[in-house]
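Student: I would like to learn how to read an interface, a cavity and a loop residue in a model. Please take them one at a time.

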Number of protein chains: 4
Amino acid sequence: MDRTQFKHHIQLKVRSYEIDWQGIVHNAVYLQYFELGRVGYIEELGITLDINSIQREHRVVLARAEVDYRAPARLGDVLAVLTRVSYIRNTSFAFEGILEVQATQKRIAENRAIHVWLDHRSDQPVRVPDSFRKQVQRFEGDTAIIDWPAYET
Amino acid sequence: MDRTQFKHHIQLKVRSYEIDWQGIVHNAVYLQYFELGRVGYIEELGITLDINSIQREHRVVLARAEVDYRAPARLGDVLAVLTRVSYIRNTSFAFEGILEVQATQKRIAENRAIHVWLDHRSDQPVRVPDSFRKQVQRFEGDTAIIDWPAYET
Amino acid sequence: MDRTQFKHHIQLKVRSYEIDWQGIVHNAVYLQYFELGRVGYIEELGITLDINSIQREHRVVLARAEVDYRAPARLGDVLAVLTRVSYIRNTSFAFEGILEVQATQKRIAENRAIHVWLDHRSDQPVRVPDSFRKQVQRFEGDTAIIDWPAYET
Amino acid sequence: MDRTQFKHHIQLKVRSYEIDWQGIVHNAVYLQYFELGRVGYIEELGITLDINSIQREHRVVLARAEVDYRAPARLGDVLAVLTRVSYIRNTSFAFEGILEVQATQKRIAENRAIHVWLDHRSDQPVRVPDSFRKQVQRFEGDTAIIDWPAYET
């Protein structure tokens, strides 16, 4: 992944209890870090993460996550999480993430996280709302591939 | 993934604190479940997970993890983790995992986890030991693809 | 704490990712174990832990937790969590817990967890319902001290 | 606890995956937050948290933790953890912690954490080193009660 494509950065510090018995950050914790990046990204778009959204018409679920581990993060490391939306299709979209040491840009891990928009009642995929497409396009400009499928008639 | 290829099963129960604000098991927890499957598998092969292995000549690191989320796990669910080694190459090997509801075999998630054998000092990949190849072959029989690369001369 | 006073036992196995960089179960994880004991206890009383209880009239909150650490739990340990209600007062009640190695009864930790019954709207303490007092009394018999405060008139 | 007695403050932000099914930070996570405060305190004293300290002559273990929960922390909250050493006795010492909302000083929780200095081989308590007493005294001044027990002769 090319870090120049990522416009959204957050910073975080490795926490003591995230270190496992091998003396490195546990492999599942990186998924948590990338989630923090996505939450920050969503907030920067101006979307409030509503923990009552459970009750809403639609919901967004994680369908697939990939992590490539490049080098372990260690106690005391100050890390940056870079986040972008790489594409939006009809009913799905993808986040990409880079985790790196803040000071040196040493690559720690990379992440792809495919999300799907679901109807809350039927649990069936529905079209990603145009409002979300617009918010992402405004933020990403040309770096995200955003489809604008015609509505079925 | 075809569940008939998996010879190793463990059972676990979703724990209350693994439930997130959406009322389902948090997405990073599934990686923990698949790890439990792998730890159980390794133990069944007769290998002791040595938490002092840090000091050893070689170590095994997770290089890539993939999770496909099929359906959320919920509070009280009793789950099965099915684990197998799908291949062993020169310096790497792959675990596959299926997470399902124990009683109904409802598919919750699938996992691929690519591991690499490293020299502890140089951090360079080294050949997966023949002893490990034999242990896996004895357990898996034909279901795992195990290369036996010739030693360089 | 006297283990003969505890009628409710659950069993759990230390999970690999609960081990910290010191090679022992992390200190915050013991609180999770004791919670599992309490969830099991509540279920044995016949009370369903309703994750939508958020919407209900009353809710029960943890007001104070104490843990005495006797000996560290380690990878592979099979542990028992013993749980009891030690008292019910007007608006509060206390759980006690013992964590021990299943096979040897070696004491790992002890826990006290004081809970308070709150009115969901006002966030003010309300009387612990008589139905809960009865359920606990039926299960505990003489080992729990249960007050039956007169209703104010 | 009187917050004016606390000279060491760190700031942290509630992370999405720390929220439980009740929509608040899970009760065990507060112990993690207080640990972060203690780690920061130790670093400010100039002591490096050595994750290889396992191999050392002495080690410091948590013997007892108490948490008083005042109000739940929620998603997005920016919190302060205030940490101090309240006393050092012969073989033990106590940390105290306050968790509060950074902006409003709304009290979220309080913590006491009693630690014991152990001989690594015998697992028996040993005298807290004078070097540690001095470091704490220099930082705390009069706010910590530090005994200077005479060496047995």
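Tutor: Chain B and chain C bury about 1,400 Å² between them, 59% of it on carbon and sulfur atoms. Buried area is the accessible area, taken with a 1.4 Å probe, that two parts lose on being put together, summed over both. This is a predicted model, in which local features need pLDDT of at least 70 and side-chain atom pairs count only at pLDDT 80 or more, while totals for chains, interfaces and linings use all residues. Residues are numbered from 1 along each chain as its sequence is written, chains are lettered from A in the order in which they are written, and side-chain values use heavy atoms, without hydrogens and water.

Student: How many residues does each of chain B and chain C bring to the contact?

Tutor: Contact means heavy atoms within 4.5 Å. Chain B gives 16 residues and chain C gives 16 residues.

Student: How many salt bridges cross the interface of chain B and chain C?

Tutor: A salt bridge is a side-chain nitrogen of Lys or Arg within 4 Å of a carboxyl oxygen of Asp or Glu. The rule finds four across this interface. One of them joins Glu18(B) to Arg15(C), with the closest N and O atoms 2.8 Å apart.

Student: Which elements of chain B give two or more residues to the side that touches chain C?

Tutor: Helices (H or I, at least four residues) and strands (E, at least two) are DSSP runs, numbered from the N terminus. Here the elements are strand S1 (8–13) and H1 of chain B. H1(B) has the largest share, six residues.

Student: Now the cavity. How much space lies in the largest cavity?

Tutor: On a 1 Å grid over the protein atoms alone, a cavity is a set of points where a 1.4 Å probe fits but cannot get out, and lining residues have an atom within 4 Å of a point. A volume is the space filled by probe spheres set on the points. The structure holds one cavity of 30 Å³ or more, and about 720 Å³ of space lies in the largest cavity.

Student: What lines the largest cavity?

Tutor: There are 32 lining residues, and among those nearest the centre are Gln32(A) and Tyr17(D). Helix H1 (29–44) of each of chains A, B, C and D supplies at least two residues of the lining.

Student: Last, where does Asp77(D) lie?

Tutor: Asp77(D) is in the loop between strand S2 (58–69) and strand S3 (78–88) of chain D. Leaving aside neighbours within four places in sequence, Asp77(D) touches Leu12(D), Lys13(D) and Val14(D).

Conventions. On a 1 Å grid over the protein atoms alone, a cavity is a set of points where a 1.4 Å probe fits but cannot get out, and a pocket is an open set with protein on both sides within 12 Å along at least five of seven lines; lining residues have an atom within 4 Å of a point.
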